[in-house]
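Hi,

Here is the model I said I would pass on.

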Amino acid sequence: MSVDQAAKRDIPDATVARLPGYLRALGQLTAQDVLSVSSEELAHSAGVSSAKLRKDLSHLGSYGVRGVGYDVAHLTYQISRALGLTHDWPVVIVGMGNLGRALASYGGFATKGFKVVALLDRDPQLVGVQVDELTIQPMAALTSLVTPGEACIGVIATPPASAQEVADLLVAAGVSSILNFAATAIQVPEGVHMRKVDLSTELQILAFHEQQRSGTVPEDLLEGAG
């Protein structure tokens, strides 16, 4: 769901960000043949408080039954519908290095409502190479792959130096939602939704917490805190 769609449904951005976590927890319950779940159990599985979960789900409608909880299959459908996952979204991946190929080969997209429809790269040595069931195409093919006004998600898996240029090409072709894996900030026009996945930043945050846990915080930082 885009931010604009969330606003139309009066669903806060923070709630939208937590919905995939609820969907993942519900998927685990489905795999265990669990038919109903309490708000406390679902909240625990999703890593949030039960009060926050109930408030989030209230934005979607009233699906819980007092004393019974939530019907797992029905709630899964309602969250999937709110997120726009009841049909497949076409995905174009740009950048066929190691990360791009790994994303292209990831089988989880198909089960989550996404279908990779094209792989692109500007390296002539990669163009024509087959990755799973798709053939890598040149960047010049982008405009023929995207129909302006129709939904399409662009994924940037290029080196940082190429990311902004690729973003500009995606926007010019009519892509209005972009997921950026490149380790750099990119600028997109208003109306284009961009999410950034920075693996190095996430690792640095984990390193901070590991340092705190192991008690190896530098002495000068400890002195400054005191």
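**What I found**

The protein chain has eleven helices and ten strands (both are DSSP runs numbered from the N terminus, helices being H or I with at least four residues and strands E with at least two). Before you read on: this is a predicted model, where local features need pLDDT of at least 70 and side-chain atom pairs count only at pLDDT 80 or more, while totals for chains, interfaces and linings use all residues. Residues are numbered from 1 along each chain as its sequence is written, and side-chain values use heavy atoms, with hydrogens and water left out.

Of the 226 residues in the protein chain, 34% are buried (under 20% relative accessible area, with exposed over 50% and partly exposed in between, using a 1.4 Å probe and protein chains only). Among the contacts with a separation of 6 or more, 52% are between residues 24 or more positions apart; contact means heavy atoms within 4.5 Å.

Seven strands form an open sheet in the order 6-7-5-4-8-9-10, with mixed pairing (two strands pair if DSSP finds at least two bridges between them). Strand 6 (130-131) and strand 10 (193-196) are the edge strands, each pairing on one side only. Strand 4 (residues 89-94) runs parallel to strand 5 (residues 114-120), and six bridges join them. Along that pairing, Val-91 sits opposite Val-116 of strand 5. Strand 5 is also parallel to strand 7 (residues 134-137), this time with two bridges, and Leu-120 has Gln-137 of strand 7 as its bridge partner.

Helix 9 (residues 160-173) lies across strand 4, strand 8 (153-156) and strand 9 (177-180), and it runs at about 170° to strand 8. For such angles, axes are lines fitted to C-alpha atoms, for helices over the stretch in contact, and the angle runs from 0 to 180 degrees between N-to-C directions.

Helix 3 (residues 39-46) packs against helix 4 (residues 50-58) at an angle of about 100°, their axes 8 Å apart. That makes the two roughly perpendicular (65 to 115 degrees; under 35 is roughly parallel, over 145 roughly antiparallel and the rest oblique). Helix 3 contributes Ser-39, Glu-40, Leu-42 and Ala-43 to the contact, and helix 4 contributes Ser-50, Leu-53 and Arg-54. By class, that is three nonpolar, two polar and two charged residues (Ala, Val, Leu, Ile, Met, Phe, Trp, Tyr, Cys and Pro count as nonpolar, Asp, Glu, Lys and Arg as charged, and the others, Gly among them, as polar).

**Two more spots**

Ser-80, in helix 5 (residues 72-83), is buried at 14% relative accessibility. Not counting residues up to four places away in sequence, Ser-80 touches Leu-23, Leu-85 and Thr-86.

Searching the whole structure turns up one aromatic pair. The ring centres of Tyr-106 and Phe-109 are 5.0 Å apart with planes at 85°, so the pair is edge-to-face (rings of Phe, Tyr and Trp, its six-membered ring, pair if their centres lie within 6.5 Å; planes under 30 degrees apart are stacked, over 60 edge-to-face and the rest tilted). Tyr-106 is partly exposed, at 46% relative accessibility.

Cheers
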